[in-house]
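Subject: Structure handed over, with notes

Dear colleague,

Here is the structure I promised to pass on, and my notes follow below it. Please read them with the model open beside you.

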Amino acid sequence: MKHLILPTALLSFFVLSGQLVDQAAPQMAGVENDPFANFHQRWTPSMQKLFQLVRDDDGKVTHYVGAEVGTPYETIDFKKGHVWYKDEDLGEFYYRYNIFSNEIELKRTHLQEEKHQALIRDLNVVLVSNTRDKEYFYLSFINDKAMNKEGYLIRLYNGSSFKLYKHLESKYTEAKPAANSMVNPTPSKFTTFSSYLLQKNDGEIREISQKKNKFLKQLDANSAEKMKAYLKVNKIDLSEEAQLIRAISHLDEAEL
């Protein structure tokens, strides 16, 4: 069975789930019916035109999708990484994380004429950057509103008891003309938001607050008391990612 499953998975993410950029707005089609898409976004004629810019640009993929400010991508350039299916390395690819459409775009080469495709959304498929500082998982999680969600999470810390993940979300805002000569027009833009999630002993993945008091309330009473002292003595600012990772590392190593 193992030899049957792997070729099927490889075929799936390159053929069945492949989404070419020269198709009309592929990532946004049927967004309201897709439970894994950014359902709060609404497809509008303006957004159709925005994505049309990519498709009609002489067949070339540009480093933007029409917005005047910001980008839907984690990084504009394609990076190198390996796709894993469970414990099997499926090979090296060039990848780019499209936050807005909740897709990881893949290419075999860095050639501009090669059309990218979308990595299949599968709990068993992991993308690991060649620098090994980022691992992308498609997972279920619970957000700060206690809603069950699914999406790509970037693992920042992998301890014996705790794992810390980062979730990125992108919002598109349409341009607005100036109301009068005294007011500047508002450009169209992408805005990226970050949130952080914690998992204990392979249990549920839950969003955590970066506000100290709320973060401490999300821990059990004994852990919260000890963590409170650690944050104070070390002057940890949870709003900074590096210091948040440091706090979770202490939480894990101290077995709080």
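Throughout these notes, a residue is called buried when its relative accessible area is under 20%, exposed when it is over 50%, and partly exposed in between, with a 1.4 Å probe and protein chains only. By that rule Phe-93, which has a relative accessibility of 0%, counts as buried. Phe-93 belongs to strand β2, residues 88-98, and its C-alpha atom is separated by 9.3 Å from that of Phe-78, 15 residues away along the chain.

Before going further, please keep in mind that this is a predicted model, in which local features need pLDDT of at least 70 and side-chain atom pairs count only at pLDDT 80 or more, while totals for chains, interfaces and linings use all residues. Residues are numbered from 1 along each chain as its sequence is written, and side-chain values use heavy atoms, with hydrogens and water left out.

The chain as a whole

The protein chain has five helices and ten strands, where helices (H or I, at least four residues) and strands (E, at least two) are DSSP runs numbered from the N terminus. Of the 256 residues in the protein chain, 43% are buried. The chain exposes about 14400 Å², of which carbon and sulfur atoms supply 51%; these accessible areas come from the Shrake-Rupley method with a 1.4 Å probe, and for residues only the protein chains shown count as cover. If contact is taken to mean heavy atoms within 4.5 Å, then among contacts between residues at least 6 apart in sequence, 52% join residues at least 24 apart.

Two packed helices

Two packed helices are described by the angle between their axes and the distance between the axes. Helix α4 (residues 221-233) and helix α5 (residues 241-253) pack at an angle of about 135°, and their axes are 11 Å apart; the axes are lines fitted to C-alpha atoms, for helices over the stretch in contact, and angles run from 0 to 180 degrees between N-to-C directions. Angles under 35 degrees count as roughly parallel, over 145 as roughly antiparallel, 65 to 115 as roughly perpendicular and the rest as oblique, and α4 and α5 are therefore oblique to each other. On the α4 side the contact is made by Ser-223, Met-227, Tyr-230 and Leu-231, and on the α5 side by Arg-246, Ala-247, His-250 and Leu-251. These residues divide into five nonpolar, two polar and one charged, where Ala, Val, Leu, Ile, Met, Phe, Trp, Tyr, Cys and Pro count as nonpolar, Asp, Glu, Lys and Arg as charged, and the others, Gly among them, as polar.

Residues in loops

Most residues other than glycine have a negative phi, and most peptide bonds are trans. Arg-132, however, has a positive phi near 60°; Arg-132 is found in the loop between β5 (125-129) and β6 and is exposed, with a relative accessible area of 61%. Asn-201 also has a positive phi, near 50°, and is placed in the loop between β9 (189-200) and β10 (205-208), where Asn-201 is exposed at a relative accessible area of 52%.

Pro-187 sits in the loop between β8 (162-173) and β9 and is partly exposed, with a relative accessible area of 31%. Leaving aside neighbours within four places in sequence, Pro-187 is in contact with Glu-68, Val-69, Thr-173, Glu-174 and Ala-175.

In the loop between α2 (45-55) and β1 (79-85) you will find Thr-75, which counts as partly exposed at 30% relative accessibility. The C-alpha atoms of Thr-75 and Arg-96 are separated by 6.8 Å, although the two are 21 residues apart along the chain.
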